[in-house]
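Dear colleague,

I am handing over the structure below, and my notes on it follow. Please read them alongside the coordinates.

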Amino acid sequence: MYTATYSPEDNKLRLYTNTDERLPESLYSQVRSHGFIWAPRQKLFVAPAWTPEREDFLLDSCGQIDDEDKSLVERAEERAERFGQYGERSKDDAERAHNAVSAITDKIALGQPIIVGHHSEKRARKDAEKITNGLTRAVQLWDTAAYWKSRAAGAIRHAKYKERPAVRYRRIKTLETDKRREERNQAEAERFLKLWQRDDVPLMQERAMGIANHDHISFCFTKDKYPKSNYEGSQSIWGALDNGVITPEQARELSVPVHQRQIAHALRWIAHITNRIEYERAMLDEQGGLKAEKFDIHPGGMVLLPGREWVTVIRVNKSGSHLTSVTTNARFVRVRKIEDIQDYRPPTEERANAVKAATKQAPLCNYPGEDFRHVTHQEVKKRYSHIREIKAHERYATHRCYHTIKPRSSSRPNTVR
């Protein structure tokens, strides 16, 4: 009775009812609670994006999730066709409204005024009102027809825009960012899970509160389960330990399942995002890929940017084997996205050495001086991350050093040793 599909092109889940009958009230409430929206023209429920919860719901309801048969462009064409029908309908209504006005005006002599006090005054005023309302409605319907025509063209244009190699590449970068976020979530949950499950160190009150101070988990500690609780609302594990509501062992029993669920949730997201990245890269390779990925770009070379401008490469940033950005000596935007690169010229040895010499950083110095602040290396990493370049002087050469603002002052920064 019910069929579920997933489309990697738009990352949407769809539920087909395959019947003209309404869904049962209980099932309909579940569908709505998971964020599915009814599409009346397509006669299906669609979710705006994939989530593990929505996938589980469809698996429970339909047994399996099939691949979507219609592509994004095909759906856009169907949508454009519907919009075109709306436009034609509005255009026909506008013509009928205009014809109704013409039928009234044809009976009135050109320039004939309303004769006040005459027996025809009442009818003349009604005709004038009908003419005004009819023309207003005709203009509005013509505007509506033009609107649906533009929507029809925009639907197809948007679908084809999403298939461009540069747009697909930016989508891959977004997915890689999402994947790194989920990997961080997984690593953090695994770290806390390991701390709670350590057997070599006894889980005393002080140690449990130390873990809970960084592990932000909350529960509702009701009096029926926790007699020492005097607050029925949500309370953190740390607060419950501090108030004596739970013991360190109970804190472990509550926290471990939470982190196990977090790890499982993150792993599902990572697997899904990985599959989407593989799909998008396969489609990108099938389209020929980006022009910049075909070049072995090095500092000193020249790249062609939009506008037929050749600029020199200053720095190349990579993530693994893939380019992420290229820094050039362009006049305005120096850091370029690789999808902007149209062509590449390898550097000569002389140009490569010139760029290397020009971009070489001055040495980072650490020396004592008057009014210098003395901090440890760890403090520098945490707080004093601003590095300032000192220009050459008759007493010293160009160099760099750490700088920070003086405490309780917004004046000039002072040097840190």
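Which residues gather in a patch of positive charge on the surface? They are Lys107, Lys122, Arg123, Lys126 and Lys130; patches are made of residues with over 30% relative accessible area and no salt bridge, like charges being joined within 9 Å, and a salt bridge is a side-chain nitrogen of Lys or Arg within 4 Å of a carboxyl oxygen of Asp or Glu.

This is a predicted model, in which local features need pLDDT of at least 70 and side-chain atom pairs count only at pLDDT 80 or more, while totals for chains, interfaces and linings use all residues. Residues are numbered from 1 along each chain as its sequence is written, and side-chain values use heavy atoms, with hydrogens and water left out.

Lys122 is exposed, at a relative accessible area of 61%, where exposed means over 50% and buried under 20%, with a 1.4 Å probe and protein chains only.

Trp196, by contrast, is buried, with a relative accessible area of 0%, and lies in helix α5 (residues 165-196). Among the residues that Trp196 touches are Leu203, Ile211, Ala251 and His259, contact meaning heavy atoms within 4.5 Å.

In helix α2 (residues 52-62), the buried residues are Pro52, Arg54, Phe57, Leu58 and Cys62, and their cover includes β1 (3-7), β2 (12-16) and α8 (248-286). After α2 comes Gly63, with a positive phi near 90°.

Best regards

Definitions and conventions:
Patch = residues over 30% accessible without salt bridge, like charges linked within 9 Å, V, L, I, M, F, W, Y side chains within 5 Å. Areas by Shrake-Rupley, 256 points an atom, 1.4 Å probe, with all protein chains shown as cover. Lys, Arg positive; Asp, Glu negative; His and termini not counted. Charge placed at Lys NZ, Arg CZ, Asp CG, Glu CD. Helix = DSSP H or I, 4+ residues; strand = E, 2+ residues; numbered from the N terminus. Lists of a residue's contacts leave out its neighbours within four places in sequence.
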